[in-house]
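Please have the sequence and the structure open side by side.

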Amino acid sequence: MEDKRLEQEFENKRLQQTLSLAQAQLQAAELRNKEKQADVIAAKKELRENSSHSISNLWSSDNFHDLVELSQYALPVSDQVALIEQEATRILALKKMLDSPYFARIDFRFDGENYPEMIYIGHSSLMDEQTHEMYVYDWRSPIASVFYRFGTGDAFYDSPGGRITGEVTLKRQYEIKKGKLEYFFDADVEIIDNFLRRILSQNTSAKMKAIVETIQKDQDLVIRDLETDLLMVQGAAGSGKTSVALHRAAYLMYQGLSARLSANDIVILSPNTIFEQYISSVLPELGESNVNSILFEELLSRVLQKKPLQTKNQYLESILAADDTAGRRLEKKSMEFKGSSQFAAILRRFIQDIPRKWIDFSDIYYDGKIVASRQLLKAKVLQGNTAPLLSLRLKELESFLLEKIHRLRKTRLQKLTDFVKEQPEHVYETEEVARMLSIQESTTLIKSIRRFTEIDCLELYKKLFSNEQYFYRLAKGLQLPDDIAEIIKFTQASLEKDVLSYADALALTFLHLQTQEFNQYSRIKQVVIDEAQDYYPLHFEILHALFPNARYTVLGDINQTMGKEEDMTLYEQIRKILAKKTAALVTLDKSFRSTNEILKFSEQFLSPGCKHNSIGRTGEPPAVHSAGSQTALLDLIISEIRTCRESNYQSIGLLCKNAQDARNLYRQLKDLLAIQLITDDADVDLQGVFVIPVYLSKGLEFDAVLICDVDKEHYHSQEDKNLLYIACTRALHRLNLFYSGEISPLLLHSSVREEKSCSHNR
């Protein structure tokens, strides 16, 4: 008891010392920042005063020295602004530190030392600048990995200088709020699991939170991997794979001078903008700038820059809500084929065929003489090896022709001058008229040349499907779907519409990138791909072309695939297409989101033998509720919402199979209770009660989930199993399912209780 009291006194004293140091550094940083801001204001004033005389005509060669002088004033201003931004980031970190400076401690005895060193671990580092004593180590520092990977006993960590070995003699965790030590405990496996269960039992928030206090060993290995060029993570629902990827981004932005990345070096591919909003606070919470997050269709739009295109969500809605079963089946088949490696091979063959068959080369004449025949021009493009991309070879051809014409222009201009001299009306402006005629001739000639040196990918893509027999010749030796003839006709009709289908936008983007230059993303060094199981091979072909210099972190869960079937061979396909030197597949199979009861219920939608590992948190078992009418169904849903509110749940998600059904349910409920409708990518607050289609809920989590339409009409196929699995695993604490009419056959053998309601009026 006395030992416990002494430990408590020691920890309180240590906390106060840490807070005092953080407070002193905060005051000094704020003072420095004010001084720097004053310096910037003075420098800007000096810039205006000393350069005002030389602003006009600044960019002419005569004013070069003025420009140099101006840059000498401007550079210090720019440097000062950068320093202010750095100081502001540090000030924010110190303010957060005053609330909770650290969350863990390890006592680590280095090999060869007699006594252990106390290592306190927090969101950011804190060092006494006079004594150089480290009060707090950043969670990303090499030694902090010991906390995540080892219990007490022998341990090691890898530093820039090599592997450091030693022994952990103490592992302790803290709860510190508003600068006050609430409690601490010395951790073993059982206590850590209890601590984790307590944290996970709390209500969810509107934004994803950082998880630095609860990172698990296998998650830490993913976060700190600096060696693998292609790191693929197959993670169960709720395994924290997205959080891990974001913490990995923060780690990459922290690491050493050579390996460190800036926010502009990283891109995250998100499934939708709701998910983008949901994850937007994690990196700022970790003290880093937010990285660029983008949807795949935004990449497509930036490449194509022409026709409006169908989004991924619009495509999913069309195949989940369409009344036309045959049309829906054909749209899915078209997507599966056009996203495949076989179609990528056909497109590559087509690209090789374009200059042979689809470019209308013509003889080029100038001054009444042939400059180059169509046969010569075609041969130069087919045989030229100077540029791999067709558009660049065609530009080289254009330059070749213009150079030849340029050499003849002087003679031609003289002929035009002689001709004009013979025209009495131009006797006083002979040279001007001759030059004008020369320009007109050149303009007409360049237009005729560019008819075959500039390519229109959309028109070319239409030609690919314009002749069935030609298409089959290109596909020789490749496996085609049985309904390929229907797909070709479907594509011909689809390409005449104003909006490009999602499948054709993918194919057209691939065609564009394989024929034309696009370097917008060549500087990107790390790409994070979420929900990778929903991507087709053609997606990864496009990414390989767009981000040639990047490493990849690829996150997926084959059990959450939408719109197609998928298995573990997906990752081998990704490995082959992205073709990185080093690649690894990591499995995160423990779920931290849902209770045991919810996870067990969700397992019925997985393949036989597929089981969840969990943290062991318990709760109420899910229930399936049957209603005799639509009115009774609404009563059941409203009753369940009231129950959830009484339990103080902050987020209550009503999930429907598609947006059309979500809108219908919202219309029926909006006058009866406060409720939000989420059917597109608008700004949303994921608090309160809201209706959302399943495909928009991926990656999100809610305190309570009500799946509102589990009848036979909505859920009956193998793909619907995946949708039910996704919907069920959004729930943290409570899950209930509702239907009227005939129950989904996928739930007929459900092991949970089924509750019935008679039809009645409210």
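## The second largest cavity

Which element gives the most to the lining of the second largest cavity? The answer is H10, with three residues. Keep in mind throughout that this is a predicted model.

The second largest cavity has a volume of about 40 Å³. Its lining is made up of Lys312, Tyr315, Leu316, Met335, Tyr502, Asp534, Tyr536, Met562 and Gly563. Sorted by class, six of these residues are nonpolar, one is polar and two are charged.

## The largest cavity

There are three cavities of 30 Å³ or more, and the largest holds about 140 Å³ of space. Its lining counts 15 residues, and those closest to the centre are Ser270, Pro271, Asn272, Lys312 and Tyr535. You have met Lys312 already, as one of the residues lining the second largest cavity.

Helix H9 (296-304) and helix H10 (312-321) each supply at least two residues of the lining of the largest cavity. Here again H10 provides the largest share, three residues. By class, the lining divides into seven nonpolar, three polar and five charged residues.

Now have a look at strand E4 (residues 134-138). Why is E4 described as largely enclosed by the rest of the structure? Four of its five residues are buried, so the rest of the structure largely encloses this strand.

E4 pairs with two strands that can be followed in turn. With strand E2 (residues 117-122), the pairing is parallel and runs over two bridges; Ile121 has Tyr137 of E4 as its bridge partner. With strand E3 (residues 126-127), the pairing is antiparallel, also over two bridges, and Leu126 stands opposite Val136 in E4. E3 and E4 form a hairpin with six residues between the strands, where His132 takes a positive phi near 65°.

Technical notes. Residues are numbered from 1 along each chain as its sequence is written. This is a predicted model: local features need pLDDT of at least 70, side-chain atom pairs count only at pLDDT 80 or more; totals for chains, interfaces and linings use all residues. Side-chain values use heavy atoms; hydrogens and water are left out. On a 1 Å grid over the protein atoms alone, a cavity is a set of points where a 1.4 Å probe fits but cannot get out, and a pocket is an open set with protein on both sides within 12 Å along at least five of seven lines; lining residues have an atom within 4 Å of a point. Grid points are joined across faces, edges and corners, and a volume is the space filled by probe spheres set on the points. Ala, Val, Leu, Ile, Met, Phe, Trp, Tyr, Cys and Pro count as nonpolar, Asp, Glu, Lys and Arg as charged, and the others, Gly among them, as polar. Buried means under 20% relative accessible area, exposed over 50%, partly exposed in between (1.4 Å probe, protein chains only). Two strands pair if DSSP finds at least two bridges between them.
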